[in-house]
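Let's take a walk through this one together. Have the structure open beside the text as you read.

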Amino acid sequence: MQGFIQDTVQTATYDRTRTAILNVLTGVTLLGFAAVLYLALFYANTDVNQGDVQRLFYVHVGSFTGGATAFFVTVIAGLAYLITRKEKWDRLAVSSVEVGLPLMTICLVTGMAWARPIWNTWWTADPRLNSMAVMWLMYAAYLTLRNAMENPERRMRFAAVYGILAFVSVFYTFIVIRIRTDTLHPVVIGPSPVESAAEGAFEVRADSRTGFTMGMASVWWMVAALTLLWHRVRLENFAHRVETLRARVLGTEA
Amino acid sequence: MPPTQTPPDTVAYMILGYGLTVSILGALVGYLFVKARNLRAEMQTLRELESEPDEKPDQR
């Protein structure tokens, strides 16, 4: 009995500590949002060739970084599930996809809003745009297919393998503009391929303000992804507890 | 002195992009809030059901 009480007290303390850390992280993320917005809209210099629309790149690149971070967590969680077969890893995997997908949606829509004045079109058949669309659809399918499976064991095994394989699309989307010359999409960080057909490029290291803002924005989006993920996975754990209690109550009533 | 180049006016697209970003982030946070609220309500109901004494079925 004493051991049980000690365990309960220790768990409660641990939960309180984690909640406190999460609250601090959430506060930092909210303050960071205001700071990054200020940097992107007022601190960074206006691009001479593109005008204010270039400021969308601080969101475009950052949201991709955040989304890729979340999808990388899906890979880790998938591997951990396949090794341990513990349900908590599956909950982490589905939570990371649910966070990563909206972030990649932000990356897509900000890219389209930027492309309209710079490329004179919202969308075009381009290796980078196509790979991005395929990646988005793959993760949307992850959620749809998962929900379509009734057998929990099968669903978790399938989701783990799918989540690991789907990350190939993230990696390909990242490198496609660095290895192919027939894409319109500029490389913002790092060198472009020789004879690249990219249009709308700008030099991120042209001045210290652009580079600093890009760096801060990318870090913020990564932190925001992890904060949202932590909230989401706690919710998933809570849903699991509700599900367990429901089964117990219904079992009692039956 | 060379003439300075004036940047093109593309502010409307920037506002569109930032507006969509805030909307999507807001929808994600809102979804988490609603889901948490619904789960808390369900947990409350289930706890009330659990604490109710079992009613004996009518054995006529």
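Of the 60 residues in chain B, 22% count as buried, meaning under 20% relative accessible area, with exposed being over 50% and partly exposed in between (1.4 Å probe, protein chains only). Bear in mind that this is a predicted model: local features need pLDDT of at least 70, side-chain atom pairs count only at pLDDT 80 or more, and totals for chains, interfaces and linings use all residues. Residues are numbered from 1 along each chain as its sequence is written, chains are lettered from A and ligands numbered from 1 in the order in which they are written, and side-chain values use heavy atoms, with hydrogens and water left out.

Chain B has one helix and zero strands; helices (H or I, at least four residues) and strands (E, at least two) are DSSP runs, numbered from the N terminus.

Now for the inside. The largest nonpolar core has 70 residues, and Phe64(A), Tyr139(A), Tyr142(A) and Val170(A) touch the most other members. Such a core is a set of buried Ala, Val, Leu, Ile, Met, Phe, Trp, Tyr and Cys residues joined through side-chain atoms within 4.5 Å. At least two of its residues come from each of helices 1 (2-43), 2 (57-84), 3 (87-119), 4 (127-148), 5 (152-179) and 6 (208-253) of chain A, and from helix 1 (11-51) of chain B. Helix 3 of chain A gives the most, with 16 residues.

Zoom in on Val170(A). Leaving aside neighbours within four places in sequence, Val170(A) is in contact (heavy atoms within 4.5 Å) with Phe64(A), Ala68(A), Phe71(A), Met135(A) and Tyr139(A).

Next stop, helix 4 of chain A, which holds Ser131(A). Ser131(A) counts as buried because its relative accessibility is 9%. Its side chain reaches the backbone oxygen of Arg128(A) at 3.0 Å. Not counting residues up to four places away in sequence, Ser131(A) also touches Tyr172(A), Thr173(A) and Val176(A).

Over in helix 6 of chain A sits Trp230(A), which is partly exposed because its relative accessible area is 23%. Trp230(A) and Leu25(A) are 205 residues apart in sequence, yet 9.8 Å apart in space, C-alpha to C-alpha. With residues up to four places away in sequence not counted, Trp230(A) touches Arg18(A), Ile21(A), Leu22(A) and Leu25(A).

Finally, look at Trp122(A), in the loop between helix 3 and helix 4 of chain A. Trp122(A) counts as partly exposed because its relative accessibility is 40%.

Conventions: Polar contact = N/O pair within 3.5 Å; in protein donor to acceptor, adjacent residues only side chain to side chain.
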